[in-house]
Amino acid sequence: MKKYYVYVILTKDKTLYCGYTDDVERRFELHKSGKGAKYTKAHPPDKIVYTKEFETKQEAMKEEYRIKSLTRSEKLKELNIKI
């Protein structure tokens, strides 16, 4: 059964980008090549700092939305991200 993931990328300018996918490594490579998202084209990715697995796309999308609604400090604390 296909799995879905929410991921958070730390960009080279120390901002955070959150997304969801069914293949984190492939998606990260797209971001690095400038083809993953408009945001990561302008803010090149440095590394993946958080991932979480889900059974359904809907669950992953719901969590992505929730994470995106958090402030930066809430993301760092709740997701235990070290910069």
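**Nonpolar cores and aromatic pairs**

Biologist: Which residues make up the largest nonpolar core?

Modeller: In this predicted model, the largest nonpolar core consists of twelve residues: Tyr4, Val6, Val8, Leu10, Leu16, Cys18, Tyr50, Phe54, Ala60, Ile67, Leu79 and Ile81.

Biologist: Which residues does the second core include?

Modeller: That core is separate and has six residues, among them Tyr7, Ile9, Tyr17 and Phe28.

Biologist: Turning to aromatics, how many pairs does a search of the whole structure find?

Modeller: The search finds two aromatic pairs. One is formed by Tyr7 and Tyr17; this pair is tilted, at 6.4 Å centre to centre with 45° between the planes. Tyr7 lies in strand S1 and Tyr17 in strand S2, so the pair ties together parts ten residues apart in sequence.

Biologist: Are Tyr7 and Tyr17 buried or exposed?

Modeller: Both Tyr7 and Tyr17 are buried.

Biologist: What about the pair of Tyr17 and Tyr39?

Modeller: Tyr17 and Tyr39 are stacked, with 6.0 Å centre to centre and 15° between the planes. This pair links distant parts of the chain, since Tyr17 is in strand S2 and Tyr39 in helix H2 (residues 38-42), 22 residues apart.

Biologist: What is the relative accessible area of Tyr39?

Modeller: The value for Tyr39 is 33%, so Tyr39 is partly exposed, whereas Tyr17 is buried at 14%. Tyr7, Tyr17 and Tyr39 form one aromatic cluster.

Technical notes: Residues are numbered from 1 along each chain as its sequence is written. This is a predicted model: local features need pLDDT of at least 70, side-chain atom pairs count only at pLDDT 80 or more; totals for chains, interfaces and linings use all residues. Side-chain values use heavy atoms; hydrogens and water are left out. A nonpolar core is a set of buried Ala, Val, Leu, Ile, Met, Phe, Trp, Tyr and Cys residues joined through side-chain atoms within 4.5 Å. Buried means under 20% relative accessible area, exposed over 50%, partly exposed in between (1.4 Å probe, protein chains only). Rings of Phe, Tyr and Trp (its six-membered ring) pair if their centres lie within 6.5 Å; planes under 30 degrees apart count as stacked, over 60 as edge-to-face and the rest as tilted. Helices (H or I, at least four residues) and strands (E, at least two) are DSSP runs, numbered from the N terminus.
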